[in-house]
Amino acid sequence: MNESLLRRLRELPMDERLGEPKKPQDAASIEEWKRSGVRFAAGSGKLERVYYAAARTLLDCIAPTGGEERILQEGGIYLGCWLESTGTINAELLSRFMPRVSEATYRSFAAHQREDGLLPYKLTGNGPAYRQIQLVTPLARSVWHYYRLQRADKRFLRTMYAAMAHYDEWLAAYRDTRGTGCVEAFGTFDTGHDLSPRFWHAPDTPHGGDAGQVNPDSPILPFLAPDLTANVYCQRLYLARIAEELGEPGEPWRAKAEASLNSLFRHCFDAGDHFFYDRDRNGELVRVQSDVLLRVMACEVGERPFFDEALKRYLLNTGKFFAKYPFTSIAMDDPRFDPFSTYNSWGGASNFLSLIRAPHAFEHHGRHVELTWVLQPILSAFARAERFAQAVSPWTGSEGFTEAYSPSILCLLDYIERLSGILPTQGGELWFTGLVPYAMDHGEEVAGETGYARVVDGTEYELLNARDGSEIYRDGESHIRFPSGVRVVTGRDGKLRSVVGMSVRTVEGTLRYEGRDMPFKAKGNEVLAYEDGALRSVSDIGIIHPTYR
């Protein structure tokens with residue numbers, strides 16, 4: 001192992017790396033980060049510098065917004081907190097670093113719920129706003145993951161459950177005017193798809209600035225929206241789990257979820273294309289292939305074979321969404337595709353909100369290796385970034401519109417942790433991944449060997465990824481050694497649970513644990529469970545390779 005890198009990881013001057021507080025609230029945010037114990041060191045390249053620039057910039061995105069508590073803001077030109085992003089997936093990622101800020105962010109939406117059940121789509125210094133709905137990541141999933149990861153108080157869960165259940169009633173009452181069981185879009189901003197050809201000839205906002213009204217003179221609205229419908233489907237699945245955790249029946253929510261799923265496939269799915277489209281007021285499918293597919297997949301729609309087909313035909317297809325820097329927001333073979341990222345557009349550019357929503361879709365189906373093909377080029381782009389933009393060019397990886405944008409900051413933090421770090425999961429696991437960022441651009445080194453640290457339940461874990469293998473340290477002592485190219489999964493107590501193949505190649509080597517050497521072979525995505533002192537294959541789903549048609 002690289003002893004000098006390990007020593008540098010342990011001696012990182014975090015006060016210096018995180019910087020001096022710029023505003024009164026920064027001191028509390030810095031202390032919360034330090035309590036997580038998260039540190040990252042790289043043997044070479046520029047990624048370490050960019051990492052701590054991201055951590056410092058993240059502090060600028062955390063501030064009181066219409067209240068006294070610190071909450072997460074979108075950042076850049078977006079002066080507030082948006083439910084589709086900041087209040088859901090962004091806060092979900094942030095909870096691994098600053099859980100108090102995440103919880104306050106969730107609570108802020110419940111606190112500003114309107115009496116009729118409508119949640120604000122954003123919170124700003126001017127107060128809550130209710131003009132549209134703007135849903136993408138299911139709030140209930142993010143809340144549940146936070147609750148499980150942080151072992152939060154049930155009072156928090158009950159508060160959020162009541163708010164989300166009431167919101168479900170509002171959506172059913174006001175966003176199903178055609179009686180299909182789908183959730184309807186009344187304008188572009190309902191899905192946050194600014195400038196997307198999906199919504200050409202539709203207004204940006206609902207009629208008269210009222211989230212419950214659609215323009216009666218529109219020739220195409222309301223749309224039966226697959227991403228909004230999938231959101232409510234997934235939301236209801238997680239509301240069932242939350243209800244049961246609170247001692248209430250979950251089956252009514254599961255029945256509602258099943259009804260949403262049936263409506264989604266009946267009205268929005270084209271089996272020939274294997275794609276989800278809006279259906280307009282005239283019954284026509286709006287045949288624009290957009291990141292709606294990835295959104296629906298991230299809402300846990302379909303089993304693994306269904307997702308695998310989406311990978312082959314679209315998500316890993318270099319003629320569709322798998323650009324050099326994926327994922328594009330419109331299929332690249334659509335004549336309406338616009339690759340420019342220099343303005344706020346979902347008409348083609350690869351947006352960081354898509355990138356932070358994507359891992360759940362892949363990992364839900366055990367597609368860990370395929371996800372690394374997304375992580376690697378994006379980390380290469382980050383290594384030369386000078387600011388944290390909303391999007392990247394799918395061709396060059398250069399920064400696009402705005403700066404200090406919290407989704408891109410959190411994307412960097414998340415991707416490093418998934419590829420080369422220590423990731424705690426809501427299922428009580430710790431993922432130690434033995435990969436390093438690869439030199440994808442012009443052969444320029446991104447990070448070389450890496451070190452990562454995190455504190456879990458008072459125990460300090462460190463992971464060193466060297467060129468000749470990886471090693472986990474527990475409270476300063478060597479704990480597990482293993483060859484590069486696999487992920488070691490333990491419980492929060494550090495006890496070995498499994499090994500996952502993380503490379504397209506078959507990794508063969510020896511894992512050392514509790515003084516014993518265990519030879520093993522792990523194919524890509526194969527899971528080897530640790531049982532009775534040995535590693536045994538329990539899942540081998542193979543790999544879906546990129547396509548080019």
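## Around Thr229

Setting aside neighbours within four places in sequence, Thr229 is in contact with Gly181, Cys182, Val183, Ser260 and Leu264 (contact means heavy atoms within 4.5 Å). This is a predicted model, where local features need pLDDT of at least 70, side-chain atom pairs count only at pLDDT 80 or more, and totals for chains, interfaces and linings use all residues. Residues are numbered from 1 along each chain as its sequence is written, and side-chain values use heavy atoms, with hydrogens and water left out.

Thr229 sits in helix H9, residues 226-245 (helices are DSSP runs of H or I with at least four residues, numbered from the N terminus). Thr229 is buried, at a relative accessible area of 1%; buried means under 20% with a 1.4 Å probe, protein chains only. Its side chain also reaches the backbone oxygen of Ala225 at 2.7 Å.

## Ala165

Over in helix H8 (residues 154-174) you'll find Ala165. Ala165 counts as buried too, because its relative accessible area is 15%. Ala165 and Ala42 are 123 residues apart along the chain, and their C-alpha atoms are separated by 45 Å.

## H13 and H14

Now for a pair of helices: the axes of H13 (residues 352-364) and H14 (residues 368-382) come within 9 Å and cross at roughly 160 degrees. Axes here are lines fitted to C-alpha atoms over the stretch in contact, with angles from 0 to 180 degrees between N-to-C directions. H13 and H14 are therefore roughly antiparallel, a label for angles over 145 degrees.

Where they meet, H13 brings residues including Phe352, Leu355 and Pro359, while H14 brings residues including His368, Leu371 and Phe382.

Definitions and conventions: Helices (H or I, at least four residues) and strands (E, at least two) are DSSP runs, numbered from the N terminus. Buried means under 20% relative accessible area, exposed over 50%, partly exposed in between (1.4 Å probe, protein chains only). A polar contact is a pair of N or O atoms within 3.5 Å; within protein, one must be able to donate a hydrogen and the other to accept it, and residues adjacent in sequence count only if both atoms are side-chain atoms. Angles under 35 degrees count as roughly parallel, over 145 as roughly antiparallel, 65 to 115 as roughly perpendicular and the rest as oblique.
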